[in-house]
Amino acid sequence: MSTTEQRVAVVTGGARGIGAATAVRLAAEGRAVAVIDLDEAACKDTVEKITAAGGRAIAVGADVSDEAQVEAAIARVVEELGAPTILVNNAGVLRDNLLFKMSVADWDTVLGVHLRGSFLMSKAIQKHMVDAGFGRIVNLSSSSALGNRGQANYSAAKAGLQGFTKTLAIELGKFGITANAVAPGFIATDMTATTAARVGMGFEEFKAAAATQIPVARVGEPEDIANAIAFFTDEAAGFVSGQVLYVAGGPLD
Ligand SMILES: NC(=O)c1ccc[n+]([C@@H]2O[C@H](COP(=O)([O-])OP(=O)(O)OC[C@H]3O[C@@H](n4cnc5c(N)ncnc54)[C@H](O)[C@@H]3O)[C@@H](O)[C@H]2O)c1
């Protein structure tokens, strides 16, 4: 491909939160962006933000944990935008509960969206990256990968994504493809707002309490994560692979 040709990025869970900020940021970096989420109509705001700024984007409805829907979604991306060579596996759900109360369905849902979804998307897109001799995969892990009460399913999925990321880096490196993980701490989105409601706290109060535990003394915003993802997807980041970057306003390990 010529260097003037526009690269195509796929961002899952792009209707809102971190995914929406990432889609907008990658478009600002000059990428054409496929915004994928469960409901195509819900992606409209993100797509409009990008096109209003002069970028190219399409909305695609798909459940990332469903193989047939993933394949159909990527076929549409190829046809309408071109072959994707940047993938951000961001779609996510919470089904928090203590182990003894966690249902098998809630375990399967969380593992299905984060792990199966990232696997299916990566598998569907890697051939386009191999053909292009270029690829950037970024998986959304979490500080919860280090363990978090009430999140046996989510922490297992987010830790699993770190192993998945490192294996992709090893397998795909020789094709010009990097794979990295961004592991956010507390980010103000609908996901954390839902957690606040579940524990019976107002969101402002919940964020203020979280900020007291964070060295930079504030919670994160979706743009903080989009910024880190933009670094990993940059053309110049080709020697950075298999890494997990905690973006949490302070050190975690
Ligand atoms: N917010 C945080 O504090 C935080 C911290 C660490 C990691 N993360 C991770 O970052 C990612 C984005 O989180 P967020 O806070 O923006 O969440 P969010 O709930 O605001 O947005 C998640 C998006 O994913 C979509 N989605 C869910 N299941 C899907 C599926 N099966 N197929 C396609 N789309 C699906 C949702 O519809 C939603 O638009 C998630 O992977 C999350 O686990 C978030």
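Which residue forms a salt bridge with Asp96? Select Arg198: its closest N to O distance to Asp96 is 3.3 Å. A salt bridge here is a side-chain nitrogen of Lys or Arg within 4 Å of a carboxyl oxygen of Asp or Glu. The pair links distant parts of the chain, 102 residues apart: Arg198 is in helix H6 (residues 190-198), and Asp96 is in the loop between strand S4 (84-89) and helix H4 (104-132). Helices (H or I, at least four residues) and strands (E, at least two) are DSSP runs, numbered from the N terminus. Asp96 counts as buried, at 15% relative accessibility; buried means under 20% relative accessible area, exposed over 50%, and partly exposed in between (1.4 Å probe, protein chains only).

The model is predicted, so local features need pLDDT of at least 70 and side-chain atom pairs pLDDT 80 or more, while totals for chains, interfaces and linings use all residues. Residues are numbered from 1 along each chain as its sequence is written, and side-chain values use heavy atoms, without hydrogens and water.

Next, select helix H3 (residues 67-80), where Arg76 and Glu80 lie four residues apart, about one turn of the helix. Their salt bridge has its closest N and O atoms 2.9 Å apart. Arg76 is partly exposed at 27%, and Glu80 is partly exposed at 41%.

Move to helix H7 (residues 203-211), where Glu204 and Lys207 are three residues apart. Their salt bridge spans 3.2 Å between the closest N and O atoms. Glu204 is exposed at 56%, whereas Lys207 is buried at 18%.

Finally, select Arg7, Arg31 and Glu235, which are linked in a network of salt bridges. The whole structure holds eleven salt bridges.
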